[in-house]
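Me: I've got a structure open on my screen and I'd like to learn how to read it. Could you walk me through a few features?

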Amino acid sequence: MASGMQEKQYTPSLLSFFIYNPTFGPREGEEEKKILFYHPSEVEKNEKIRNVGLCEAIVQFTRTFCPTKPAKSLHTQKNRQFFFEPEDNFWIVMVPWFETQCIEKPNKDGKPPTIEYQEEEILDTVYGAVVRQCYSMYKLFNGTFGRAMEAGGVELLTQKLEKFFYRYLQTLHLQSCDLLDVFGGISFFPLDKMTYLKIQSFVNKVEESLSLIKYTAFLYNDQLIWSGLEQDDMRILYKYLTTSLFPRHSEPELAGRDSPLRPEVAGNLLHYGRFLTGPTNLKDPEAKFRFPKIFVSTGDGYEELHLIVYKAMSAAACFMISASVELTREFCEQLDGLVGPQLTLLASDICEQFTINRRISGPEKEPQFKFIYFNHMNLAEKSTIHMRKTASVCLTSVHPDLMKILGDINCDFARVDEDEEIIVKAMTDYWVVGKKSDQRELYVILNQKNANLIEVNEEVKRLCATQFNNIFFLD
Amino acid sequence: MSEEHYLELCENPVQFEHASSVNNVFFDEANKQVFAVRSGGATGVVVKGPDDKSSVAFRMDDKGEVKCIKFSIGNKILAVQRTSKSVVFPDKRSLKLLKSQSINVNWYQYCPETAVILLSTTVQGNILQPFAFRSGTMSKMSKFEIELPVVPKPAKLSLSERDIAMATIYGQLHVMYLKHHSRTANSTSAEVVLYHLPREGACKKSHVLKLNTTGKFALNIVDNLVVVHHQSSQTSLIFDIKLKEPDCAVNTHQPVLPARSIHPYRIPLSGPAVVPSQPPVPCQLYSSSWSVFQPDIIISASEGYLWYLQVKLPPTVNLLQDKGKLMDFLLRRRDCKMVILSVCSQSTRGVLPVVATVFDKLNQVYKEYLEAEQSYTVAMESGPSRGSAAQKRPVRTQAVIDQSDMYTHVLSSFTERKGVSHKFIIAVLMEYIRSLNQFQITVQHYLYELVIKTLVQHNLFYMLHQFLQYHVLSDSKPLACLLLSLESTYPPAHQLSLDMLKRLSTANDEIVEVLLSKQQVLGALRFIRSVGGHDNVSARKFLDAARQTGDQMLFYTVFRSFQQRNQRLRGSPGFNPGEHCEEHVVHFKQLFGEQALMKPSTV
């Protein structure tokens with residue numbers, strides 16, 4: 001018997017990723033000079049040149065149709081290519097390989113199996129956002145391409161690209177990319193006013209006594225509470241913290257949490273503060289006081305900063321200090337002594353308040369719905385669909401087909417400025433509702449196969465009234 | 001140095017003819033009157049009181065040396081004592097013995113303010129027996145013992161009346177005992193021991209004031225502070241029994257401030273003999289001819305002056321480095337408001353933790369007043385309480401510094417101050433808001449406006465956004481309107497403002513206005529329907545907005561929607577004349593024709 005139809009456990013992966021600048025090798029025979037970075041590096045030189053040349057040609061060709069909006073992606077039978085020009089003449093191209101979308105059909109006549117590519121299952125918006133994210137992440141740690149060019153020419157730029165993307169691409173998990181990557185939002189920690197003011201007061205006092213600190217960000221449970229950075233910088237820093245730095249340090253934080261703290265005890269204060277960047281142990285005489293450097297925007301350019309991430313229990317504070325200052329052991333000890341006890345106390349305060357609020361609001365306020373909410377104004381995102389987001393996997397509790405519908409609705413929303421509402425009955429008996437009001441988007445998945453359109457509409461209204469009663473959401 | 005003198009003599013002393021061989025001077029503590037008796041009264045008795053009204057001058061026959069002379073309250077009866085066993089009342093009246101007690105008494109002290117007399121009994125004199133007079137009765141209070149530094153053997157009178165004084169401090173009667181140092185008792189310096197003498201119950205030793213020196217002392221009470229004058233050093237100390245000393249045992253107090261002399265005083269030369277060019281003569285302070293009376297009186301009989309002692313608060317600000325302690329001290333003083341506000345202003349030049357402490361101290365007092373005021377209001381509303389005395393309206397002391405005081409005198413000028421980083425300005429404003437919130441005091445919206453103004457001035461919109469996101473700036477219509485006005489410079493302010501209006505739930509009209517102004521006519525219509533206000537809105541307003549968009553289909557939809565409403569409410573689709581929609585009806589007919597109008601239904 002012929003082998004039956006076979007659907008393997010396929011996942012999308014990265015076929016290739018390259019960065020080029022067509023102005024670097026305009027003459028024939030110099031094409032290789034255009035290529036600044038190419039993954040996988042073992043690909044034969046001529047193939048690299050061919051692929052880059054093809055992209056260049058497509059971009060040039062499509063430009064004739066719309067000079068202001070160059071091509072963003074190329075759909076072919078086998079794959080898709082995503083183009084992004086982050087800086088003048090610098091192009092990033094990503095080619096994902098979507099194995100899930102190939103269904104091998106056994107051939108009865110003994111001929112080799114034909115492969116069917118279901119490339120329309122892929123969402124341009126999602127992977128377009130992934131490419132932009134790659135650039136933003138590079139820029140966060142290295143500054144712009146142009147900056148490297150100014151400092152050390154092509155040589156330095158290629159070095160930097162190699163160093164950064166070699167590791168970064170390994171952490172790209174294309175299989176778990178979805179609508180949330182399009183939003184690139186920030187999850188905010190819900191907090192009462194008084195505790196929030198206490199955190200404000202803490203941040204202000206620390207910035208005053210350690211005047212080297214230029215900006216501070218405060219997170220709890222991997223959710224943002226306060227950002228001294230501007231929104232766009234915070235967005236990418238938040239991405240780095242929550243998908244890379246925090247997961248790497250997720251060893252049990254809870255050790256010792258049950259023992260009562262006595263911060264009022266004079267002398268050696270008990271605290272759980274520690275550095276997530278920089279020295280792992282302050283007492284170590286060999287300890288190095290080097291911190292990762294990041295680039296954030298200022299009014300008219302960029303500034304380079306040391307990134308100190310300091311954590312006590314579930315509370316994390318990021319302190320940013322001008323990179324021109326050299327950080328010493330004394331400074332780190334001072335910071336540890338000042339911030340450690342206060343942050344520990346704050347962390348337990350927040351935890352306590354959060355538990356109290358939980359109890360007050362009660363379980364009935366806990367969402368029974370699966371939804372994704374995003375506000376373009378403050379980048380606030382909230383999802384009850386994603387159970388857990390770590391460096392490697394992003395678990396969603398719904399079928400990829402439904403996620404695809406959400407993505408489609410999002411594309412529709414992006415096309416018009418007006419407020420809209422879209423209700424879809426999915427093949428799997430689920431109802432999917434998308435709402436757009438002003439700058440906010442809400443996607444709800446309802447598992448009520450017998451419900452009619454009116455009932456679904458009522459259900460979503462009810463959700464808005466309970467979950468979003470404190471914002472202006474047009475019905 | 002002069003700005004360091006925190007005690008001063010009052011500017012307008014009571015002046016009288018100074019004591020001399022022909023002029024005897026007496027002081028009556030009860031009426032606070034000075035009697036100048038010339039030649040035994042034959043050439044005149046001049047009585048000067050605390051104010052001009054209570055001054056009297058008269059003559060009386062010289063019947064020998066006057067030992068003591070006093071008026072009854074209201075200057076009705078004059079009593080003159082010339083011998084140790086007789087008192088003469090110039091007006092003939094009969095006296096009646098009401099009550100008598102038989103006790104061996106060494107000496108007595110009387111406190112007119114509380115009408116309590118204190119008798120020194122026993123051989124050593126240190127068992128004190130107080131009596132209280134009230135509405136014609138005399139009641140014995142429980143006696144108590146003053147602990148002597150050394151018990152003399154054989155027993156002899158060891159407690160002098162000069163070392164005992166009575167005064168009311170923070171509304172409670174206290175007996176003050178000046179305990180001199182004694183070599184034998186191993187005490188290195190003198191102290192003042194306070195005994196709290198309650199109306200009922202036992203008298204208890206309550207506070208010990210450490211003088212850290214020895215010598216001759218005199219006591220005054222000014223503004224609930226115990227003032228201890230030290231003659232040999234010509235300085236005075238002040239103690240506040242409510243100030244807690246962290247490093248001392250309970251109820252043991254150190255001076256609040258370093259010892260300073262009373263502010264130098266110059267006697268103005270007055271009377272007809274005065275020569276204009278002659279400068280005032282400096283007055284000798286801490287003179288041995290001074291007599292000190294409770295609570296705050298200093299008399300110089302040789303110069304003919306009676307002064308009230310006063311506390312000057314401004315110099316204390318620089319003498320007390322611990323700003324928390326300074327605030328505790330100032331908040332209990334009578335004329336403290338402007339000084340406290342100046343401390344606040346000054347602290348905004350300091351560091352945040354100090355600013356926070358100052359604000360917290362301030363708001364603690366503010367909160368207590370607000371609570372008292374509220375419980376008074378509640379009590380008044382629920383009617384006069386049965387049995388118990390009616391609740392008194394709480395007195396607003398100067399120590400109650402409210403948000404408008406802070407705004408006017410401290411914060412608004414602080415935010416304008418040059419050379420201060422905006423980071424610090426915002427931190428201070430947020431610290432004040434934090435403190436108010438901590439004491440659950442409702443923050444006035446002008447403080448939020450100040451925060452917003454400062455943030456906008458420095459383009460810190462994202463910060464503002466975050467504050468609003470966490471409702472740190474509480475919702476109000478004025479704030480929502482302020483946000484709306486920011487929309488042109490910061491577009492997200494529009495969303496923030498609408499959210500706020502929505503949460504207020506009393507601002508549906510405003511939301512409709514905002515949406516209409518954005519030409520979101522359908523949105524406005526859907527919103528007003530969702531909140532059940534559709535029946536009452538002005539159709540004209542919506543039709544105006546719909547027509548302005550130039551979108552004919554929109555106009556059609558809105559028009560028909562209101563026709564349907566009219567039909568439902570009044571049984572006819574037509575508009576009432578009062579709705580002023582005639583021009584829109586004409587416009588509708590022009591666009592879509594007469595037949596497109598909704599016809600009255602014939603149900």
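Predicted model: local features only at pLDDT ≥ 70, side-chain atom pairs only at ≥ 80, totals over all residues.

Me: How do I read two helices packed together, and at what angle do α4 and α6 of chain B pack?

Reply: Two packed helices are described by the angle between their axes and the distance between the axes. Here, α4 (residues 352-381) and α6 (residues 422-438) of chain B pack at about 35°, and their axes are 9 Å apart. The crossing of α4(B) past α6(B) is right-handed.

Me: Which residues make the contact between α4(B) and α6(B)?

Reply: On α4(B), look for Leu352(B), Phe359(B) and Tyr366(B), among others. From α6(B), the contact includes Phe424(B), Val428(B) and Tyr432(B). Sorted by class, this contact has 10 nonpolar, three polar and three charged residues.

Me: Now the two chains. What area is buried between chain B and chain A?

Reply: The size of an interface is often given as the accessible area lost when the parts come together. For chain B and chain A that's about 3,300 Å², with carbon and sulfur atoms giving 56%. If you'd rather think in residues, 40 from chain B are in contact with 38 from chain A.

Me: How many salt bridges and polar contacts cross the interface?

Reply: There are two salt bridges between chain B and chain A. One to find on your screen joins the side chains of Glu207(A) and Lys423(B), at 3.0 Å from N to O. Polar contacts come to 12 residue pairs between the chains.

Me: Which helix of chain B gives the most to the side that touches chain A?

Reply: That's α6(B), with nine residues. By class, the side of chain B touching chain A has 20 nonpolar, 13 polar and seven charged residues.

Me: Last topic: what should I look for in the backbone?

Reply: Most residues other than glycine have a negative phi, and most peptide bonds are trans. Here the bond from His39(A) to Pro40(A) is cis, with omega near 0°. You'll find Pro40(A) in the loop between β2 and α1 of chain A. In chain B, the bond from Gln294(B) to Pro295(B) is also cis, with omega near -5°, and Pro295(B) lies in the loop between β25 and β26.

Me: And where is Asp438(A) found?

Reply: Asp438(A) is in the loop between β19 and β20 of chain A. Its phi is near 55°, a positive value in a residue that isn't glycine.

How values were computed:
Residues numbered from 1 in each chain as written. Chains lettered and ligands numbered in written order. Heavy atoms only, no water. Axes fitted to C-alpha atoms, helices over the stretch in contact; angles between N-to-C directions. Helix = DSSP H or I, 4+ residues; strand = E, 2+ residues; numbered from the N terminus. Left-handed = near helix turned anticlockwise from the far one by under 90°. Contact = heavy atoms within 4.5 Å. Nonpolar A, V, L, I, M, F, W, Y, C, P; charged D, E, K, R; others polar. Buried area = accessible area lost by both parts, 1.4 Å probe. Salt bridge = Lys/Arg side-chain N within 4 Å of Asp/Glu carboxyl O. Polar contact = N/O pair within 3.5 Å; in protein donor to acceptor, adjacent residues only side chain to side chain.
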